[in-house]
Amino acid sequence: MHPSSCDTFVALPPSTWGQHVIFGKNSDRPCDEVQEVVYFPAGDYDAGGKVECTYIEIEQVPHTYAVVLSRPAWLWGAEMGANEHQVCIGNEAVWGRESADGDEALLGMDLVRLGLERADTAEKAVDVITELLGKYGQGGSCMEDECGFTYHNSFLISDRTEAWLLETSGKYWAAERVADGYRNISNQYGITTKIDKEHPEMREYARSKGWWDGETQFNFATVYSFLTTARIEAAGNRYCEGKKLLEKSNGHITAETMMDILRDKDSGINMEGMFMTTGSMVSVIPTDVSLPGVHYFTATPDPERSIFKPFIFVKNLKPLMLTTSPTYGPDDPVKKKPRFQSKPDRKHELFVKHELVAAIIESYKDRGTKITQRMRQLEKTNMTRMEGPLLYGVDEPDLWVNLFTNCVQEEMDVYKTS
């Protein structure tokens with residue numbers, strides 16, 4: 001197994017249809033890993049409080065925002081998600097000249113969740129993540145395994161008006177603002193000479209290591225990347241293919257466009273094999289602050305054989321029990337040291353049902369085609385229902401409290417009759 005992971009996309013007006021920001025990500029992870037979709041309400045905390053992340057405990061803030069997350073079920077953070085202010089974040093594994101090995105600290109996935117919980121704009125999320133990176137560092141195994149799979153992180157972050165690309169190497173980082181058009185990232189450094197924010201010592205550190213002469217124009221990707229590796233070349237291929245797919249729909253990119261891109265197997269974006277796409281997300285964010293964003297999640301592997309289900313932030317939301325995995329508290333092998341001595345069953349209810357149907361689709365062509373058609377029809381029906389909130393807003397929030405859970409139940413009903 002040669003670990004590789006993830007493709008993340010954002011499209012802003014005028015590349016999108018209507019006044020919408022479209023965000024999308026495929027989370028590519030070990031094929032046996034369960035990804036859950038969970039909701040956490042906003043919270044208020046006493047001064048001096050702490051929050052336990054995947055490996056370390058850090059200081060809590062007085063207030064956290066409501067978040068919806070798609071995450072590997074064994075950890076605290078998230079691969080991708082959104083908050084009540086319509087900030088969306090996805091992270092990518094990146095490797096460069098700086099070693100990614102080190103002590104347990106914050107995972108990049110922890111930083112995704114922390115950015116969403118603590119920032120009400122994309123730029124503020126950049127500030128939150130980089131401040132935490134400087135204070136606590138990044139490190140620790142990124143797989144539920146003793147193999148010690150580690151990496152640095154890049155983040156694509158969007159809100160109603162703009163996007164930011166944040167790339168890290170150890171504690172050093174650079175960030176680029178994306179004001180319009182589209183952008184995608186795929187496990188390689190992509191910030192070159194346009195740097196809008198940076199670690200104050202980032203250039204001097206590179207000069208001291210002999211990576212930069214201090215005179216030529218500074219190019220973050222060139223300075224901090226490996227010269228070449230098979231992993232980076234594979235990421236580069238996916239990056240180019242993703243960019244082509246965005247360009248093909250430039251000016252009229254929609255949620256459907258983004259879902260089609262995430263389902264594309266020829267490009268490698270919908271990954272198969274020992275590392276595969278285990279969860280997918282697409283968000284539609286109106287630039288009009290009076291309108292809600294709609295966040296679609298699969299909560300199941302392979303978007304080609306999954307249904308994107310909508311979620312809207314409203315008051316009185318309940319936990320998303322059908323896509324929440326079992327928990328094991330202090331007895332969880334992730335919490336005990338030495339870690340990862342066993343793997344408990346983390347399959348949530350939707351995952352179990354989907355696993356059975358995916359096997360039918362794989363084994364019986366005609367039957368599988370009919371099931372897939374029914375799945376696509378259900379997805380289309382739900383997307384049509386979302387046109388109202390996106391155009392006119394939400395007048396009666398109570399009607400939308402169980403939106404995601406109801407859509408999951410409808411999906412399982414399709415599987416039950418299949």
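Entry 1. I began with α1 (residues 108–118) and α2 (residues 122–136), which pack at about 130 degrees with axes 9 Å apart. That makes α1 oblique to α2 (under 35 degrees is roughly parallel, over 145 roughly antiparallel, 65 to 115 roughly perpendicular, the rest oblique). Axes are lines fitted to C-alpha atoms over the stretch in contact, with angles from 0 to 180 degrees between N-to-C directions. Helices are DSSP runs of H or I, at least four residues, numbered from the N terminus.

I noted the source: this is a predicted model, where local features need pLDDT of at least 70, side-chain atom pairs count only at pLDDT 80 or more, and totals for chains, interfaces and linings use all residues. Residues are numbered from 1 along each chain as its sequence is written, and side-chain values use heavy atoms, without hydrogens and water.

Entry 2. I listed the contacts (heavy atoms within 4.5 Å). From α1, L111, L114, G115 and R118 meet A125, V128, I129, L132 and L133 of α2. By class I get seven nonpolar, one polar and one charged residues (Ala, Val, Leu, Ile, Met, Phe, Trp, Tyr, Cys and Pro are nonpolar; Asp, Glu, Lys and Arg charged; the others, Gly among them, polar).

Entry 3. I turned to α7 (residues 349–363) and α8 (residues 365–385). Their angle is about 130 degrees, with axes 6 Å apart. α7 and α8 are therefore oblique to each other. V357, I360, I361 and S363 in α7 meet K365, R367, G368, I371, T372 and M375 in α8. This contact has five nonpolar, three polar and two charged residues.

Technical notes. Helices (H or I, at least four residues) and strands (E, at least two) are DSSP runs, numbered from the N terminus.
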